[in-house]
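User: Could you walk me through this model with a few questions and answers?

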Amino acid sequence: MSESPRLPEHDHVDLVLAEWQQQGLRVENSPVAVVARIGRAGALLDRGLNSNFARFGLTRTDWDVLASLRRVGAPYRRSPTELYRALMRTSGGMTHLVDRLEREGLVERVADPDDRRGLLVGLTRKGRALVQRVEPSHLETERRLLAALTPQEQRELARLLRKLLIGLEAQSADPGHPRQPNVPNARRGGTRRRERQRNERVMTRPSSES
């Protein structure tokens, strides 16, 4: 059994920190060491994941939409608001994304049974089949990308990242985890109307598109 290749002791961020130190900046306990590594790791993870998704004609954002619909369970539908909150995309960006996935037969727009003026995004049979086909290789790709860490190290990193993310979401009022505002009943109707109007903008195709 061949041994795993030996990893270098220093990463790109070490080089960046060394250069700053040469310029007289004290960075031993700097947040740069954490923030820069998270950013660089995220970029490299995206590259690795997108490389695998490209084999199936997808991007990571495409996968996030399809997986979000699949994991909600039958009938595999979400409102546009739920989707763009989960993906942290603008409503305009979500419109184009849904348009493209619909043209490829992976999602469909369906009437909202609870709101006759609303629409939902639903996963088609073709979309469900693709998710089932992609999922094994996606999980294997994630395992490969994290191979430098032992299972115990992965659990510890996940714990620390969860703590960091909870803090960041609290600071930024992350739209992926919206809090229900405490508003009088008279204003709630207006809130629902605004959300319905936003859904309609997301779900309605611009007339200039084919």
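User: Happy to start with one side chain: at 28% relative accessibility, how does Arg-100 count?

Analyst: Good place to begin. Buried means under 20% relative accessible area, exposed over 50%, and partly exposed in between, with a 1.4 Å probe and protein chains only. At 28% relative accessibility, Arg-100 therefore counts as partly exposed.

User: Before we go on, what kind of model is this?

Analyst: Residues are numbered from 1 along each chain as its sequence is written, and side-chain values use heavy atoms, with hydrogens and water left out. Local features need pLDDT of at least 70, side-chain atom pairs count only at pLDDT 80 or more, and totals for chains, interfaces and linings use all residues, since this model is predicted.

User: Thanks! Which residue forms a salt bridge with Arg-100 at 2.7 Å between the closest N and O atoms?

Analyst: A salt bridge here is a side-chain nitrogen of Lys or Arg within 4 Å of a carboxyl oxygen of Asp or Glu. The partner of Arg-100, with the closest N and O atoms 2.7 Å apart, is Asp-62. This partner lies in helix α3 and Arg-100 in helix α5 (residues 91-103), so the pair ties together parts that are 38 residues apart in sequence. At 1% relative accessibility it counts as buried, and its name is Asp-62.

User: Which residues are linked with Arg-100 in a network of salt bridges?

Analyst: Arg-100 also meets the side chain of Glu-104 in a salt bridge, at 4.0 Å from N to O. Glu-104 counts as partly exposed, at 30% relative accessibility. The residues linked with Arg-100 in the network are Asp-62 and Glu-104.

User: And how many salt bridges does the structure hold?

Analyst: Another one joins the side chains of Glu-140 and Arg-143, at 3.5 Å from N to O. Both lie in helix α6 (residues 125-145), 3 residues apart, about one turn of the helix. For the structure, the number of salt bridges is 7.

User: In which order do the elements of the chain run from the N terminus on?

Analyst: Helices (H or I, at least four residues) and strands (E, at least two) are DSSP runs, numbered from the N terminus. The chain comes to 8 helices and 3 strands. Their order is α-α-α-β-α-α-β-β-α-α-α.

User: In which sense do β2 and β3 pair, parallel or antiparallel?

Analyst: Two strands pair if DSSP finds at least two bridges between them. A hairpin joins β2 to β3 through 2 residues, and Glu-108 has Gly-122 in β3 as its bridge partner. Over 6 bridges, strand β2 (residues 107-112) and strand β3 (residues 115-123) pair in a sense that is antiparallel.

User: Within what arc do the buried residues of α4 fall?

Analyst: In helix α4 (residues 80-87), the buried residues are Pro-80, Thr-81, Leu-83, Tyr-84 and Leu-87. They line one face of the helix, because, seen down the axis of α4, they fall within an arc of 160°. The arc is that of the directions from the helix axis to the C-beta atoms, and its value is 160°.
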